[in-house]
Amino acid sequence: MGKKNSTFKNIMVTLGCTVFAGVYALGGGYAAYKLLGGDTDSTQPAWLDRVEIRVDEKDAGSGVTEASNNHLFDFGRVPQKPRFEEKEEETETTDEEETEELDTESALETETASETEEDSEEESESDLASEEEESEEESESDSKTKKPDKKKKPVEVEQVQVLEQDEKELAVLADVSAVARTAMPCVVSITNEYTAYDYWYDEEYDERANGSGIVVAQSSEELLIVTNYHVIQDNNNLYVQFIDDREAMAYVKGTSPENDLAIVSVFLDDMSDKTLKSISIAALGDSDSLQVGEPAIAIGNSLGYGQSVTTGVISALNRNVFADDPEMNNQGYLIQTDAAINPGNSGGALLNVKGEVVGINSSKIADYVIEGMGYAIPISTAKPIIEELMLKETRKKVPAQERAFLGVAGTDVIEEATARYEMPEGVFVTNVLEDTAAEKAGIQKGDIITYIDGERITGMDELQGLLEYYAGDTEVEVVLMRPNNGEYKERTIEVMLEYKED
């Protein structure tokens with residue numbers, strides 16, 4: 001009897017635990033569902049969230065629609081739209097009426113276009129029905145899209161008018177052979193032999209530099225060539241090579257360092273008749289009439305390899321690329337061109353389409369980030385300087401035993417002294433030798449020599465180089481600056497140069 005009671009008791013305990021566990025599990029699930037926001041009253045299955053529900057317009061007010069399986073679902077009387085339209089609702093802007101109208105118009109136009117395309121496809125089956133549908137759709141779209149025009153009509157941009165130009169001008173950048181044939185005989189190559197100094201080894205050595213020039217005039221004795229001053233600066237010997245590759249000795253006639261211009265001459269006796277017949281004198285044009293964008297042609301001794309031709313346009317006028325250099329600040333009138341101007345082109349010709357010289361190629365900005373920026377001195381500005389320099393006497397270096405001697409010791413006026421003490425640039429006289437031409441003329445210690453015979457003197461080397469062209473017993477005009485009560489006053493004196501005593 002005791003055993004039966006014990007068995008029955010165990011069965012009842014097991015059933016009770018099972019029922020309790022089931023109730024506990026249901027209660028826990030219910031609590032978790034409520035905490036997660038579940039709705040126990042809803043009989044909506046979980047997969048319904050992934051079903052896309054379409055609502056008819058007639059049922060939108062009641063919020064009721066019929067699914068494909070004929071079950072009715074209540075959505076709290078909130079009009080339901082397909083999910084693919086929700087993103088469109090987010091991007092729509094309802095603040096401005098004009099934006100809605102424009103969107104409506106574009107949608108109607110798109111719908112009309114699509115309907116027209118469908119009608120065109122159906123036309124092969126039923127032409128008459130197609131025409132009727134098109135007429136109905138057009139009338140319907142017109143009634144929808146017609147509205148008062150509230151916007152101002154935009155201004156129409158004018159069409160570019162094509163310029164009527166001469167055929168030669170239009171073709172000049174493609175073919176400059178005619179201009180080259182005309183102008184190359186007046187352009188020459190110039191070689192400057194000078195003495196360079198090696199500071200590392202503390203010794204002097206002979207060096208060569210290359211440039212170009214333009215034949216501008218001929219006298220009864222010599223041929224005159226214009227070039228840049230820096231092309232012939234500090235030369236020991238100058239050589240000019242003509243278009244027939246023949247070479248002749250050249251001499252400095254006049255220089256204008258502040259304008260970077262110089263005139264050199266070649267005596268006709270040093271030239272053959274064949275060379276004289278092969279060259280020509282340049283035609284000088286009018287640089288004042290230049291316009292930005294017109295063609296430009298550069299001819300010169302590029303890199304010392306001989307005459308070459310490059311083309312481009314006039315990029316800009318009146319450029320100042322030496323604003324920070326007081327010596328070269330007068331060149332604030334330069335012509336800028338994108339025609340290639342490389343070392344050796346300096347002193348060469350910048351031409352227009354007629355073959356006239358409109359500029360003298362002067363310099364090029366050389367930098368790895370800059371390309372196509374060459375400069376030329378306008379010929380209209382250079383003309384009066386050229387005419388003045390051509391009137392000077394051609395100088396030849398005289399033999400060493402016949403050279404003149406001034407009789408001064410001096411040093412260069414450095415830039416720091418110019419800025420701090422307002423001293424003029426030139427040769428500062430540190431000593432005047434006794435019984436020399438300088439002492440006899442009245443040159444004193446402390447004077448600053450600035451010009452000799454109209455040639456600008458900026459240092460002792462220039463002074464000594466200039467005296468190589470003068471023989472003893474030659475009278476020269478010397479311009480110097482003399483201190484007077486803290487200021488420098490200009491004085492001009494005549495000096496009779498003497499022979500240097502051994």
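1. Let me begin with strand β11 (residues 334–337), which is covered on both faces. Leu 334 and Gln 336 lie on one side, Ile 335 and Thr 337 on the other, and all are buried. Buried here stands for under 20% relative accessible area, exposed for over 50%, and partly exposed for what lies in between (1.4 Å probe, protein chains only). Strands are DSSP runs of E with at least two residues, helices are runs of H or I with at least four, and both are numbered from the N terminus.

2. A word on the source: this is a predicted model, in which local features need pLDDT of at least 70 and side-chain atom pairs count only at pLDDT 80 or more, while totals for chains, interfaces and linings use all residues. Residues are numbered from 1 along each chain as its sequence is written, and side-chain values use heavy atoms, with hydrogens and water left out.

3. Strand β11 has pairing partners that you can trace on screen; two strands pair if DSSP finds at least two bridges between them. Strand β10 (residues 307–319) runs antiparallel to β11, joined to it by 3 bridges, and Ala 316 has Gln 336 as its bridge partner. Strand β14 (residues 374–378) also pairs with β11 in the antiparallel sense, over 3 bridges.

4. Next comes Asp 338, in the loop between β11 and β12 (349–351). Is it buried, exposed or partly exposed? Asp 338 counts as partly exposed because its relative accessibility is 36%. Apart from neighbours within four places in sequence, Asp 338 is in contact (heavy atoms within 4.5 Å) with Thr 311, Gly 312, Val 313, Ser 315 and Gly 372.

5. Now to the barrel, which 6 strands close in the order β3-β4-β5-β8-β7-β6, with antiparallel pairing. Neighbouring strands of this sheet are turned by 40° against each other on average, direction ignored. Axes are lines fitted to C-alpha atoms, for helices over the stretch in contact, and angles run from 0 to 180 degrees between N-to-C directions. Helix α9 (residues 379–390) packs on the sheet and touches β4, β5, β7 and β8, its direction making about 45° with that of β8.

6. How does the barrel hold together, strand by strand? Strand β3 (residues 187–198) is joined to β4 by 12 bridges, with Val 187 partnered by Ile 214. Strand β4 (residues 203–218) pairs with β5 over 4 bridges, where Ile 214 stands opposite Val 226. On its other pairing, β3 meets strand β6 (residues 235–241) over 6 antiparallel bridges, and Glu 193 stands opposite Asn 237. In the hairpin of β3 and β4, with 4 residues between the strands, Asp 202 takes a positive phi near 55°.

7. Strand β8 (residues 261–267) deserves a look, as 7 of its 7 residues are buried. Leu 261, Ile 263, Ser 265 and Phe 267 point one way, while Ala 262, Val 264 and Val 266 point the other way. Strand β5 (residues 222–227) pairs with β8 over 6 antiparallel bridges, one being between Ile 225 and Val 264. Strand β7 (residues 247–256) pairs with β8 over 5 bridges, again antiparallel, and Ser 256 has Leu 261 as its partner. β7 and β8 form a hairpin with 4 residues between them, and Asp 260 in the turn has a positive phi of about 55°.

8. On packing, the largest nonpolar core has 44 residues. Such a core is a set of buried Ala, Val, Leu, Ile, Met, Phe, Trp, Tyr and Cys residues joined through side-chain atoms within 4.5 Å. Helix α12 (residues 460–467) gives the most to this core, with 4 residues. Among the residues with the most contacts inside the core are Ile 232, Phe 242 and Leu 463. Leu 463 touches Leu 406, Val 408, Val 427, Ile 452 and Ile 457, not counting residues up to four places away in sequence. A second, separate core of 28 residues includes Cys 186, Ile 214, Ala 282 and Leu 351.

9. Finally, the whole chain: its secondary structure comes to 12 helices and 22 strands, and buried residues make up 34% of its 502 residues.
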